[in-house]
Amino acid sequence: MNRIGKLLKLGGLTIAAALYLATTTDVAAQNGRNCAPRDAVMDRLAEGYGETRQSVGLGSNNAMVEVYASQETGSWTITVTSPGGLTCLVASGQSFETVADVLPANGNDA
């Protein structure tokens, strides 16, 4: 698998997460659940889980959606950061891997 394909797959994951989270981001931020200043969240993910940022994108209302993962343990976390700097954990799990699916040719709906 080539590097461009891997980047496309990570970008697709980020876009899918942003679309999925568009309606839940404001609710999580308002409740203050699983949210903290961005620096504190990044430090916790790095020190506690060995996760580093794998991809980033902009979601609704200019919220930054990021995927963090550990290549060693396979743990992953998706965060959403509001323009004000509050970062909320939205999803996490295990078995992260980078894949590179090839887009189908134009006119091919497979």
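I looked up phi just past α3 and found G50 there with a positive value of about 70°. The model is predicted, and I read the angle with that in mind.

Next I checked the span of α3 itself. It has 12 residues, and at 1.5 Å a residue these should span 16 Å.

Then I looked for positive phi in residues other than glycine. Most residues other than glycine have a negative phi. I noted N61, with phi near 55°, and N62, with phi near 60°. Where do N61 and N62 sit? I placed N61 in the loop between β2 (52-58) and β3 (64-69), and N62 in the loop between β2 and β3 as well.

Are N61 and N62 buried or exposed? I read 56% relative accessibility for N61, and since exposed means over 50%, N61 counts as exposed. For N62 I read a relative accessible area of 57%, so N62 is exposed too.

I turned to the largest pocket. I wrote down its volume as about 150 Å³. Its lining runs through R44, L45, Y49, E51, S75, W76, T77, L89, S92, G93 and Q94. Which elements give two or more residues to that lining? I listed α3 (38-49), β4 (76-81) and β5 (86-93). I sorted the lining by class and got 4 nonpolar, 5 polar and 2 charged residues. R44 and E51 are the charged ones by class.

Last, I took the totals. I counted 3 helices and 5 strands in the chain. From the N terminus on, I read their order as α-α-β-α-β-β-β-β. How much of the chain is buried? I have buried residues at 30% of the 110 residues.

For the surface, I noted that the chain exposes about 7200 Å². Carbon and sulfur atoms supply 54% of that area.

For contacts, I kept to pairs of residues at least 6 apart in sequence. Of these contacts, 45% join residues at least 24 apart.

Conventions: Residues numbered from 1 in each chain as written. Predicted model: local features only at pLDDT ≥ 70, side-chain atom pairs only at ≥ 80, totals over all residues. Heavy atoms only, no water. Helix = DSSP H or I, 4+ residues; strand = E, 2+ residues; numbered from the N terminus. Buried < 20%, exposed > 50% of the residue type's maximum accessible area, 1.4 Å probe, protein only. Contact = heavy atoms within 4.5 Å. Areas by Shrake-Rupley, 256 points an atom, 1.4 Å probe, with all protein chains shown as cover. 1 Å grid on protein atoms, 1.4 Å probe; cavity = no way out; pocket = protein on both sides within 12 Å on 5 of 7 lines; lining within 4 Å. Points joined across faces, edges and corners; volume = space filled by probe spheres on them. Expected span 1.5 Å × (residues − 1).
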